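Reader: I have a model open and want to read its features one by one. Where do we begin?

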Amino acid sequence: MEHIKTFHSITYETSSGPLTIEGPLSVDELQKYNFHDKLTAFRPAKKQFEALLEIATFEEARIIVARTEEMIIGYVTYLYPDPLERWSTFNMKELIVLGAIEIIPEYRGERVASNLLKVSMMDDYMENYIIISTEYYWHWDLEGTQLSIWDYRKVMEKMMAAGGLSPAPTDDPEIISHPVNTLMVRIGKNVSDAAVEEFDNLRFLSRYNQRKKSEG
Ligand SMILES: CC(=O)SCCNC(=O)CCNC(=O)[C@H](O)C(C)(C)COP(=O)(O)OP(=O)(O)OC[C@H]1O[C@@H](n2cnc3c(N)ncnc32)[C@H](O)[C@@H]1OP(=O)(O)O
């Protein structure tokens with residue numbers, strides 16, 4: 001499968017000044033900017049920027065950023081599932097994961113994350129993918145936001161809805177280990193029925209494996 005990427009960009013006013021949301025960006029484009037030292041939700045900022053620069057070299061991957069003139073203050077990544085995770089079991093070429101999204105505290109609540117999702121979906125090529133995001137509350141900044149897990153979940157749902165992702169059932173043990181965890185899914189308009197069926201088997205992998213076993 002080809003992974004054709006078309007750049008989109010919007011600029012809008014926030015209470016901290018104008019912000020540009022744009023991408024997908026290449027490694028060279030990313031390196032033009034500084035990476036804010038408060039982008040630490042997943043690992044120290046320096047390490048996270050290195051990780052993004054590596055992801056940007058993957059053929060299928062996309063990185064969309066929120067930036068001031070010179071500073072990246074938020075980003076979202078899309079890439080194939082980790083080979084060690086269940087979501088890579090069938091090696092579905094249409095399946096990409098919204099892997100990480102993060103905004104520095106000063107810009108939160110200003111629709112930056114929602115706009116990252118919107119700009120991501122401006123590229124029609126996204127209609128060729130099933131996009132998933134696995135939401136585990138242990139990845140959330142509960143301390144920084146002082147939100148309850150259920151209020152945080154509401155933020156996640158609203159933000160993901162801006163990109164057309166919505167909660168979908170699964171039997172993934174990590175997701176069903178807590179009722180606030182959820183799988184978010186967006187199925188593009190050009191995804192074939194066969195791929196959707198394969199994805200249904202992936203969502204209920206335990207059931208699928210049991211069925212296969214009983215069929216011999
Ligand atoms: C797959 C993963 O990456 S999971 C991990 C997600 N990332 C994190 O938790 C990292 C730390 N958190 C963050 O970076 C941010 O808080 C994010 C990414 C979760 C949200 O980013 P934001 O730019 O603040 O989101 P955005 O402003 O688009 O808000 C979405 C909705 O939630 C609401 N919202 C955002 N923050 C709050 C808050 N603290 N209290 C109440 N509502 C809130 C917004 O008003 C908006 O609602 P609306 O659609 O009705 O207007």
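Author: With the element names. Helices and strands are DSSP runs, numbered from the N terminus; a helix needs at least four residues and a strand at least two. This is a predicted model.

Reader: Then where is the place of Pro24?

Author: Pro24 sits in the loop between β2 (17–23) and α1 (27–30). Gly23 and Pro24 are joined by a cis peptide bond, with omega at about -5°.

Reader: Which residue has a positive phi although it is not a glycine?

Author: Asn91, with phi at about 45°. Asn91 belongs to the loop between β5 (71–79) and β6.

Reader: Now helix packing. What describes two packed helices?

Author: The angle between their axes and the distance between the axes. Here, take α7 (residues 193–203) and α8 (residues 205–215). Their packing angle is about 95°, and the axes are 5 Å apart.

Reader: Why is α7 called roughly perpendicular to α8?

Author: Because angles from 65 to 115 degrees count as roughly perpendicular. The angle of about 95° therefore makes α7 roughly perpendicular to α8.

Reader: Which residues make the contact?

Author: From α7, Asn201, Leu202 and Arg203. From α8, Leu205, Tyr208 and Arg211. By class, the contact of α7 with α8 has three nonpolar residues, one polar and two charged.

Reader: On to the ligand. How many residues surround it, and which are the closest?

Author: The ligand is surrounded by 26 residues. The closest are Ile103, Gly109, Arg111, Ser114 and Tyr152.

Reader: Which elements each supply at least two residues of that shell?

Author: Four names to find: β6 (95–103), α3 (112–120), β7 (130–135) and α5 (149–161). β6 gives the largest share of the shell, six residues.

Reader: How does the shell divide into nonpolar, polar and charged residues?

Author: The shell around the ligand has 14 nonpolar, five polar and seven charged residues.

Reader: And polar contacts? What cut-off applies?

Author: A pair of N or O atoms within 3.5 Å. A ligand oxygen atom lies 2.9 Å from a polar backbone atom of Ala113. For Val112, a polar backbone atom is 3.5 Å from an oxygen atom of the ligand. Then the side chain: an N or O atom of Lys158 is 3.3 Å from a ligand oxygen atom.

Reader: How much of the ligand's accessible area does the protein cover?

Author: The ligand on its own has 990 Å² of accessible area, and the protein covers 80% of that.

How values were computed. Residues numbered from 1 in each chain as written. Predicted model: local features only at pLDDT ≥ 70, side-chain atom pairs only at ≥ 80, totals over all residues. Heavy atoms only, no water. Axes fitted to C-alpha atoms, helices over the stretch in contact; angles between N-to-C directions. Parallel < 35°, antiparallel > 145°, perpendicular 65-115°, else oblique. Contact = heavy atoms within 4.5 Å. Nonpolar A, V, L, I, M, F, W, Y, C, P; charged D, E, K, R; others polar. Near = heavy atom within 4 Å. Polar contact = N/O pair within 3.5 Å; in protein donor to acceptor, adjacent residues only side chain to side chain. Areas by Shrake-Rupley, 256 points an atom, 1.4 Å probe, with all protein chains shown as cover.
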